[in-house]
Amino acid sequence: MNFIPILDYASVLVFALSGALVASRQQLDLIGFAFIACLTAVGGGTIRDVLLNRDAVFWIEEPAYIVLAVTTSVVVFFTAHRLESRMKAIVWADAVALGVAVAAGSGVALKLGHSPIIIVLMGVATGSFGGLMRDVVCNEVPLILKQGELYASAAFAGSLVLVLGENLGLQPVYTYAACCVLTFTLRAGSI
Amino acid sequence: MNFIPILDYASVLVFALSGALVASRQQLDLIGFAFIACLTAVGGGTIRDVLLNRDAVFWIEEPAYIVLAVTTSVVVFFTAHRLESRMKAIVWADAVALGVAVAAGSGVALKLGHSPIIIVLMGVATGSFGGLMRDVVCNEVPLILKQGELYASAAFAGSLVLVLGENLGLQPVYTYAACCVLTFTLRAGSI
Amino acid sequence: MNFIPILDYASVLVFALSGALVASRQQLDLIGFAFIACLTAVGGGTIRDVLLNRDAVFWIEEPAYIVLAVTTSVVVFFTAHRLESRMKAIVWADAVALGVAVAAGSGVALKLGHSPIIIVLMGVATGSFGGLMRDVVCNEVPLILKQGELYASAAFAGSLVLVLGENLGLQPVYTYAACCVLTFTLRAGSI
């Protein structure tokens with residue numbers, strides 16, 4: 001069974017949510033919401049696909065990812081008043097997205113037969129570059145660089161576990177789950 | 001007849017102009033002018049070509065685009081005093097460039113046989129990413145995110161018209177013209 | 001003899017050093033050091049490889065570059081107190097890295113048979129985009145845009161010499177050396 005599309009959809013959904021909430025803080029219009037949501041949601045995976053020189057970027061091959069991100073941004077646009085008071089829940093959701101995206105990013109590099117170093121780097125890049133571009137474009141200090149926030153470190157540890165599990169010959173379902181859970185736990189513990 | 005190179009040259013010329021004027025505000029030297037002019041002029045189309053995994057980025061295949069952008073920046077460097085008092089004319093020219101670049105970007109994706117969503121996204125990306133990178137590098141608030149400025153929205157509407165016209169089987173010359181005019185009109189109306 | 005890998009390793013080493021020192025100024029943790037060091041060290045060459053559509057980005061084909069950058073960042077992390085007092089030496093080392101990276105970047109485009117304009121642009125991009133991304137991510141004014149700093153100009157002149165030397169049929173060893181030395185000298189002269 002192939003987990004990666006499921007992981008990709010899940011991370012696109014939650015990163016679109018976090019991107020749209022940043023757009024809400026910046027008081028952008030509807031297209032601005034959709035723009036920042038898409039950038040956050042597919043940015044990390046796009047960098048991964050371009051660096052790995054895959055035949056097609058994942059959301060160009062399957063535009064449903066974009067539909068999901070845009071739909072999410074529209075929902076947030078019309079419900080942001082309610083959601084903003086749930087900011088804490090969102091930060092937690094973002095931690096889930098990180099865990100999921102790291103597993104998806106590492107998994108793609110693993111399936112393409114890359115070396116452990118590249119697998120770990122692609123996990124970190126997929127998990128962190130969407131949020132990094134969101135923060136750079138919105139002129140905010142990137143979350144990834146803030147002190148005391150285990151962001152890249154959590155992604156790094158999660159990817160490492162996925163590589164180790166694979167080399168030990170564990171069932172993929174356990175390896176991917178361990179990667180998601182460890183990344184989420186480390187990130188959530190530092191919130 | 002193939003409109004796309006004509007549209008590409010026109011947008012490179014006017015975006016190079018807008019980039020060089022930002023370089024003038026930042027009081028850069030001649031190489032700085034050329035650098036920011038090239039980034040603005042070919043940035044959006046470069047992102048488009050990398051995302052679509054085209055065989056070659058358009059200006060690497062045809063360096064005349066770069067020659068045009070650099071020449072424009074040199075002219076602005078030596079005439080900026082005169083041009084700066086014409087700032088208003090430049091903002092209008094930038095709106096023309098947006099209209100033209102959106103048509104060029106959507107057209108490339110259309111010819112490669114992509115789905116409507118991707119065609120629209122490539123139109124928006126080609127039109128806005130050059131200016132976005134210019135603003136990020138120069139540490140200014142991206143124009144695309146400023147309130148009340150119809151930038152991404154105008155690009156979105158223009159791309160949509162191009163997709164609709166194509167699906168209705170209209171003559172390309174009318175479809176491309178409608179895309180340029182609508183994008184320009186919406187953008188210009190919000191200046 | 002193929003100089004390019006030697007030049008690439010040398011520039012990765014010194015750019016990783018400069019990236020790690022910026023991370024030290026920003027008081028990042030160990031993973032933050034590694035992240036900024038890698039971005040600075042391989043960023044320019046990555047942009048070059050993506051733009052030229054090479055089969056694989058150089059550090060994905062040969063992860064030893066990443067190992068070198070990470071190792072450098074770890075050394076800086078534990079010795080930064082000593083190194084910060086040697087800031088002046090570092091700026092000089094960065095000028096060496098620029099010279100070396102410009103030669104490496106131009107050389108790759110030359111070997112792929114590109115036109116002189118593209119060779120010069122790839123030299124400038126390889127030399128300057130790593131530092132540019134470092135500064136954008138760290139929210140500092142890009143060094144490349146600061147007045148009085150010959151950065152892009154030095155890279156431009158160095159690349160030009162490499163193209164000229166090649167067209168005059170000079171021995172590559174002299175052409176590459178002239179490119180490195182001229183870029184370094186111009187950059188160093190403006191510090």
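**Exercise 1. Charge pairs and polar contacts between chain B and chain C**

Determine how many salt bridges lie between chain B and chain C in this predicted model, and how many residue pairs are in polar contact there.

*Solution.* 
Step 1. A salt bridge requires a side-chain nitrogen of Lys or Arg within 4 Å of a carboxyl oxygen of Asp or Glu. Between chain B and chain C the count under this criterion is 0.
Step 2. Polar contacts are counted next: 2 residue pairs, both at pLDDT 80 or more, are found between chain B and chain C.
Step 3. The contributing elements of chain B can then be listed. α2 (30-51), α3 (58-61), α4 (64-84) and α6 (116-137) of chain B each give two or more residues to the side that touches chain C.
Step 4. Among these, α2(B) gives the most, with 5 residues.
Step 5. Sorted by class, the side of chain B that touches chain C comprises 14 nonpolar, 4 polar and 3 charged residues.

**Exercise 2. Extent of the interface between chain B and chain C**

State how many residues of each chain are in contact, what area is buried between chain B and chain C, and which three residues of chain B supply more of that chain's buried area than any other three.

*Solution.* 
Step 1. With contact taken as heavy atoms within 4.5 Å, 21 residues of chain B meet 22 residues of chain C.
Step 2. The size of an interface is often expressed as the accessible area lost when the parts come together. For chain B and chain C this area is about 1,800 Å², and carbon and sulfur atoms give 75% of it.
Step 3. The three residues are Ile31(B), Phe35(B) and Ile60(B), which supply 31% of the area that chain B buries against chain C.

**Exercise 3. The interface between chain A and chain B**

Describe the contact between chain A and chain B by residue count, buried area, and salt bridges.

*Solution.* 
Step 1. On the side of chain A, 21 residues are in contact with 22 residues of chain B.
Step 2. Together the two chains bury about 1,800 Å², 75% of it on carbon and sulfur atoms.
Step 3. Within chain A, the residues losing the most area to chain B are Ile31(A), Phe35(A) and Ile60(A), together 31% of what that side buries.
Step 4. At least two residues each come from α2 (30-51), α3 (58-61), α4 (64-84) and α6 (116-137) of chain A. α2(A) gives the most to this side, with 5 residues.
Step 5. The classes on this side of chain A are 14 nonpolar, 4 polar and 3 charged residues.

**Exercise 4. Relation between the copies**

*Solution.* 

**Exercise 5. An aromatic pair**

Classify the ring pair formed by Tyr9(B) and Tyr65(B), and locate both residues in chain B.

*Solution.* 
Step 1. Over all chains the structure holds 15 aromatic pairs.
Step 2. The ring centres of Tyr9(B) and Tyr65(B) are 4.2 Å apart and their planes lie at 20 degrees, so the pair is stacked.
Step 3. Tyr9(B) belongs to helix α1 (residues 4-25) of chain B and Tyr65(B) to helix α4 of chain B; at 56 residues apart, the pair links distant parts of the chain.

Terms used. Residues are numbered from 1 along each chain as its sequence is written. Chains are lettered from A and ligands numbered from 1 in the order in which they are written. This is a predicted model: local features need pLDDT of at least 70, side-chain atom pairs count only at pLDDT 80 or more; totals for chains, interfaces and linings use all residues. Side-chain values use heavy atoms; hydrogens and water are left out. Buried area is the accessible area (1.4 Å probe) that two parts lose on being put together, summed over both. Helices (H or I, at least four residues) and strands (E, at least two) are DSSP runs, numbered from the N terminus. Ala, Val, Leu, Ile, Met, Phe, Trp, Tyr, Cys and Pro count as nonpolar, Asp, Glu, Lys and Arg as charged, and the others, Gly among them, as polar. A polar contact is a pair of N or O atoms within 3.5 Å; within protein, one must be able to donate a hydrogen and the other to accept it, and residues adjacent in sequence count only if both atoms are side-chain atoms. Rings of Phe, Tyr and Trp (its six-membered ring) pair if their centres lie within 6.5 Å; planes under 30 degrees apart count as stacked, over 60 as edge-to-face and the rest as tilted.
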